[in-house]
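Please work through the following exercises with the sequence and the three-dimensional structure side by side. Try each task before reading its solution.

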Amino acid sequence: MPIDIRPVAVPDALGTPAAREFESSAELGVELERANWGHEDFAYSAAELLAAHRNDRHRGHAWIGAWDGDTMIGRAGLEWERDAGASTVELTLGVQPRHRRQGVGSRLLAAAEDAARDLGRSTIVAYSDHADAESAPADGPVLRAPEGDAALPASVPAAGFAAAHGYDLAQLERVSSLVVSGRADEFRSELDTRTARANALGYRLELWTDRTPARLVDAYAAARGRMALDVPAGGITIDEERWDAARVREREGESLDGGRTLLVAAAVAPNGSLAGYTELELPLEREVAFQSDTLVVGPHRGHGLGMLTKLANLARLTEVAPERTVVYTWNADENDHMLAINVALGFRRCGLEAVWQRD
Ligand SMILES: CC(C)(COP(=O)(O)OP(=O)(O)OC[C@H]1O[C@@H](n2cnc3c(N)ncnc32)[C@H](O)[C@@H]1OP(=O)(O)O)[C@@H](O)C(=O)NCCC(=O)NCCS
């Protein structure tokens, strides 16, 4: 049967006949995560994917599916900043293992590139995941990114596929995990010492869940807008993200809509601005949490605020959600300062995320 490549329709609600294709896309995502990692900790639920579409005023999303009859065998996911100045589309692409090397990935990629062109974007940034346990022997040929020391075995399928389509390796991100069970007391006592030190410098800690307090929302938006500018970019083009209070509220709405809980810990400077913040995302009914953004704003670096905010959030996680035993995080391999904090906390590498780019 010929393979059909077509956009995945976005339904108004799940559990309806109109939602079937969209739900298939989420199901295939679970299968692809299992094939990559041997677990489905990173898979998005259909509810989370739908929430991203329902809250898309600032960030666009689209899925393209590859169909063998009624079965989705591959998918391409696109995301882009809606800002007029943006130039990139971010892409995730996956094909069921038994359907690989039959040209399906290439057809999905061509459709994604067409969509990017229609959006007026000149650059595609694509991601691939590589579990350490699955990687090829360390003594074979490797690829390196423009910055950092990590090396990706050149034999992984994504590397062959990227090379065949003119994509360069732009960055390697270290994927790490931290077992948090049993560490509540340790986090809490270290936090107390560090909080006293930060207070003496005039900083105060603020913690919130899901909804940013109104008095902090503008300061939080200002800090969030710095994230895309300050994170190490390696060879990647990263579009600026414009954040204001409305975008913060939209993102909070998206998280709640998709069943995710957000734990935010922030350090507030004496002038009321946010000196730094960190976030943990808690997907519904899972035993994991994701350490997402952490940022300390330039002039406030060097005072231990990155470690302070992370510890505050981890201490809280172990207290409010003891069923979450593992925290995952992603860091550019060249991001020495962030990695130093994470290694000190006990995070250990479990794989790499490769970032490929073609202009
Ligand atoms: C990467 C991936 C999407 C490729 O899908 P696919 O349907 O097998 O790709 P295609 O059949 O269109 O392959 C096109 C070309 O890419 C190259 N390629 C694909 N897989 C390869 C592999 N395992 N080793 C070396 N080259 C490979 C080849 O040049 C191939 O052409 P050929 O088969 O005529 O030699 C698929 O392996 C996959 O889903 N991997 C896991 C997810 C992933 O890594 N996605 C990120 C992509 S950047």
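The structure is a predicted model, in which local features need pLDDT of at least 70 and side-chain atom pairs count only at pLDDT 80 or more, whereas totals for chains, interfaces and linings use all residues. Residues are numbered from 1 along each chain as its sequence is written.

**Exercise 1. Describe how the protein chain is divided into domains, and which elements of domain 1 touch domain 2.**

Step one is to set the bounds, which come from an automatic or database domain assignment: domain 1 covers 4-176 and domain 2 covers 181-324. The centres of the two domains, taken over C-alpha atoms, are 27 Å apart.

Step two is to count contacts, where two residues are in contact if their C-beta atoms, placed from the backbone, lie within 7 Å. By this criterion 24 residues of domain 1 meet 19 residues of domain 2. On the domain 1 side, two or more residues come from each of α2 (46-54), β5 and β8 (168-179), and α2 gives the largest share, with five residues. Helices (H or I, at least four residues) and strands (E, at least two) are DSSP runs, numbered from the N terminus.

Step three is to sort this side by class, taking Ala, Val, Leu, Ile, Met, Phe, Trp, Tyr, Cys and Pro as nonpolar, Asp, Glu, Lys and Arg as charged, and the others, Gly among them, as polar. The side of domain 1 that touches domain 2 then has eight nonpolar, eight polar and eight charged residues.

**Exercise 2. Identify the elements that build the shell around the ligand, and the residues that come nearest.**

A residue is near a molecule if its C-beta atom, placed from the backbone, lies within 6 Å of it. There are 19 residues around the ligand, and Arg100, Gly105, Ser106, Pro157 and Gly160 come nearest. At least two residues each are supplied by β4 (88-95), α3 (104-118), β5 (123-131) and α4 (157-164), and α4 contributes the most, six residues. By class, the shell holds 10 nonpolar, seven polar and two charged residues.

**Exercise 3. Determine how α6 and α7 are placed relative to each other.**

Two packed helices are described by the angle between their axes and the distance between the axes. The axes of α6 (residues 217-230) and α7 (residues 245-257) come within 8 Å and cross at roughly 85°. Axes are lines fitted to C-alpha atoms, for helices over the stretch in contact, and angles run from 0 to 180 degrees between N-to-C directions. Because angles of 65 to 115 degrees count as roughly perpendicular, α6 and α7 are roughly perpendicular to each other. In this contact, Val217, Asp218, Tyr220, Ala221 and Arg224 of α6 meet Ala245, Arg247 and Val248 of α7, which gives five nonpolar, no polar and three charged residues.

**Exercise 4. Decide whether leucine 172 and proline 11 are buried, partly exposed or exposed.**

A residue is buried if 20 or more other C-beta atoms, placed from the backbone, lie within 10 Å of its own, exposed if 12 or fewer, and partly exposed in between. Leucine 172 lies in strand β8 and is buried, because 24 other C-beta atoms lie within 10 Å. Leaving aside neighbours within four places in sequence, its contacts include Ala145, Gly148, Leu352 and Ala354. Proline 11, placed in the loop between β1 (4-7) and α1 (20-37), counts as partly exposed because it has 18 C-beta neighbours inside 10 Å.

Notes
Parallel < 35°, antiparallel > 145°, perpendicular 65-115°, else oblique.
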